[in-house]
Each structure stands twice: as C-alpha cells, then as structure tokens.
Amino acid sequence: MRYKTSYHVHTTYCDGKDSAEQMVLAALTKGFTHIGFASHAPVAPHHKEDMLMKKEDFCNYKKEVLRLQQNYKDKIEIFLGLEYDCYEGEGMAKEIDPKELDFFILSIHSLGTGKDKRPIDCSAKELEELFDLAGGDVQEIVRRYYALLGDAVIKEEAPIVGHIDIIKKNNKGSRYFNEKENWYLDIVQKCLEQIRRAGSVVEINTGGVVRHGKECLYPSDEILEMLRDMDIGLMLNSDAHKAENIDFYYEEMIQKLKDMKIRELRILTKEGWICDEVD
Ligand SMILES: [Zn+2]
Ligand SMILES: [Zn+2]
C-alpha cells in the first residue's frame, strides 16, 4: 500500500484525550501520509450530549486544523472534517455548515426522540431500555437504526459512513440478536443499496477494537463481504481518541482485507478521492 490514512481522528475539542497537534505528531511517527480530523459536531442545545464539540469552539478548531495543515504541509496532508450525528425525526444535525469542511462522516450514536432517546453506543442497559420502549421488539430497533442511517446518507449525500453496524456494540455473543440471520442481513442489504446509490464510502473502523475487542470491529465480516460484492468504496479509519491508538489494529486489518480479497481502499487527497491497492 502506498498510503497510510485515518480520517476519523478525535481531539480535545470533543471527547479525545490528546490535542490535534499531538495526533499529527503521532501520525508522522507511524508513517501516515494523510489524516482527517472528525470531531463530534455540535448539535442543537436540546440534545445535551457531553462528548460533542461546543458550537462556539468550532472557529478555534477550524483555525487549529488549518494551522497544522499549513505547518506540516511538506510532511502529511491534513483535512478538516466533522463527525455529524443523526437523530430520529430530525436527521443529520447540521449546526455547522458542511461547506466549511473538507469532508464529513455521518454517524448514529442514539435512537429515539425526546425523553425516550437513548445512546446505542454506551451501556447494554440503555440498549435494553430502547428495546423495552419498542415493546421488546429487537428487530424494530435494528430496522429503525438502519433506516435512519440509509435515509440520511441519501439525503445528505454523505461522503463517509461512520461505524456502520455500531448497533451491534452490546451484542457480543449474539446476546440480543443474531447478525447472521436473514432478517438482519436483509435490513443491512437495504441500507447498503442506499449507500451505493449515494456513492458514499464506508469506513472500516478499528476504534471499537481498542475499547471492546475484535467483536467490535465495524463492519462485521458478513457486512464487509456484502460491501465487497456490491463494489462499495471502503476506507480504513482508527476513530482514535488517543495519539497512541492512531493506527491500532491496522496491520491485522490489512491482512484480513487480503484474506477477504478486498483489493483496494479509498484515499481522500487534496486532488480528490483516489484508490490505493491493498498489497
Ligand atoms: Zn462515532
Ligand atoms: Zn468517532
């Protein structure tokens, strides 16, 4: 492979532990050619999640990334992005205009509205509350997750889809549903068709592996095979919240891609999207 990249990098502007410059320095040490900052985008005040960037901080965030872009321009290509959240009944929360950015990632971190809203990427207890609110209908929650994602991807023409199957985060050992069953794969298939129609790139996100082990690699092997067979563009992102994790699980993942006969990854460059051969 000619390039080493991650376009899903968090900093202290949201819930990351290291500064943007520390992330750049770690990327340089590890031989990266391109990195993109994708802090959790600000959302409307009624949502109140504390992992997000504050709207008034965006200006400094942008300035800082542009400063780094300039200072390190001979060593690494740096991109300004955000990870936008998506809510049921509201769609993507665009407190910041995507036109201000080089790229964005569209992700979902919660389901439900108002007092019935629960995070899907936190504890099993909150996921169970969501199931209870749906009358115990697990499939209904899964369907709502992928419908929200697929519809928003089309509406926003999202360049990148974040941690596509994060709904499985608390599903280790098929605790709540079986990801190999047809009803599940049919729901995913429908979402992938929307993603293909939108022309979005789907990230392979190794950030879950750092925190929760290999079962939290997004996407699952089954979905990766579907993406490969549908010829949907893939990119490799670490979703790093600490400098030390900037390329966590990359070596293993590249071997896995070879084993799965996934032959190329998409790379965002200053000249636009290109392909890099996996070899
Ligand atoms: Zn995320
Ligand atoms: Zn993230």
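**Close-up views of a predicted protein model**

Among contacts in the protein between residues at least 6 apart in sequence, 70% join residues at least 24 apart; two residues are in contact if their C-beta atoms, placed from the backbone, lie within 7 Å. This is a predicted model, in which local features need pLDDT of at least 70 and side-chain atom pairs count only at pLDDT 80 or more, while totals for chains, interfaces and linings use all residues. Residues are numbered from 1 along each chain as its sequence is written, and chains are lettered from A and ligands numbered from 1 in the order in which they are written.

**Figure 1. Overall view of the protein.** The secondary structure comes to 8 helices and 12 strands; helices (H or I, at least four residues) and strands (E, at least two) are DSSP runs, numbered from the N terminus. The C-alpha trace spans about 55 × 45 × 30 Å along its principal axes. A compact globule of 279 residues would have a radius of gyration near 19 Å, and the 18 Å of the protein agrees with this. That radius is taken over C-alpha atoms, and the globule rule is 2.2 Å times the number of residues to the power 0.38. Of the 279 residues, 43% count as buried. A residue is buried if 20 or more other C-beta atoms lie within 10 Å of its own, exposed if 12 or fewer, and partly exposed in between, with C-beta atoms placed from the backbone.

**Figure 2. The largest nonpolar core and leucine 106.** The largest nonpolar core has 76 residues, and those with the most contacts inside it are Met23, Cys86, Leu106, Tyr145 and Leu149. Helix 4 (residues 138-156) gives the largest share of this core, 8 residues. Such a core is a set of buried Ala, Val, Leu, Ile, Met, Phe, Trp, Tyr and Cys residues joined through C-beta atoms within 7 Å. Not counting residues up to four places away in sequence, leucine 106 touches Tyr84, Cys86, Met92, Ala152, Val153, Glu156, Ala158, Val161 and Gly162.

**Figure 3. Packing of helix 4 against helix 5.** Two packed helices are described by the angle between their axes and the distance between the axes. Helix 4 and helix 5 pack at an angle of about 5 degrees, with their axes 8 Å apart. Helix 4 is therefore roughly parallel to helix 5, a term for angles under 35 degrees. The axes are lines fitted to C-alpha atoms over the stretch in contact, and angles run from 0 to 180 degrees between N-to-C directions. Residues of helix 4 that meet helix 5 include Gln139, Val142, Leu149 and Val153, and their partners in helix 5 include Trp183, Ile187, Cys191 and Ile195. Glutamine 139 is partly exposed, with 14 other C-beta atoms within 10 Å. The C-alpha atoms of glutamine 139 and tryptophan 183 are separated by 8.2 Å, although these residues lie 44 residues apart along the chain.

**Figure 4. Helix 7 and its flanking residues.** In helix 7 (residues 221-229), Ile223, Leu224 and Leu227 are buried. Seen down the helix axis, the buried residues fall within an arc of 105 degrees, so they line one face of helix 7; the arc is that of the directions from the helix axis to the C-beta atoms. The cover over these buried residues includes helix 5 (182-198), strand 9 (201-205) and strand 10 (234-237). Proline 219 lies in the loop between helix 6 (207-212) and helix 7, and a cis peptide bond with omega of about -5 degrees joins tyrosine 218 to proline 219. Just after helix 7, aspartate 231 takes a positive phi of about 60 degrees.

Figure 5. Most residues other than glycine have a negative phi, and most peptide bonds are trans. Glutamate 157, in the loop between helix 4 and strand 8 (160-161), has a positive phi of about 45 degrees. With 11 C-beta neighbours inside 10 Å, glutamate 157 counts as exposed. Tyrosine 249, in the loop between strand 10 and helix 8 (250-259), has a positive phi of about 70 degrees, and with 20 C-beta neighbours inside 10 Å counts as buried. Histidine 241 is placed in the loop between strand 10 and helix 8 and is buried, with 20 other C-beta atoms within 10 Å. Leaving aside neighbours within four places in sequence, histidine 241 is in contact with His10, Asp15, Gly16 and Lys17.

Conventions. Parallel < 35°, antiparallel > 145°, perpendicular 65-115°, else oblique.
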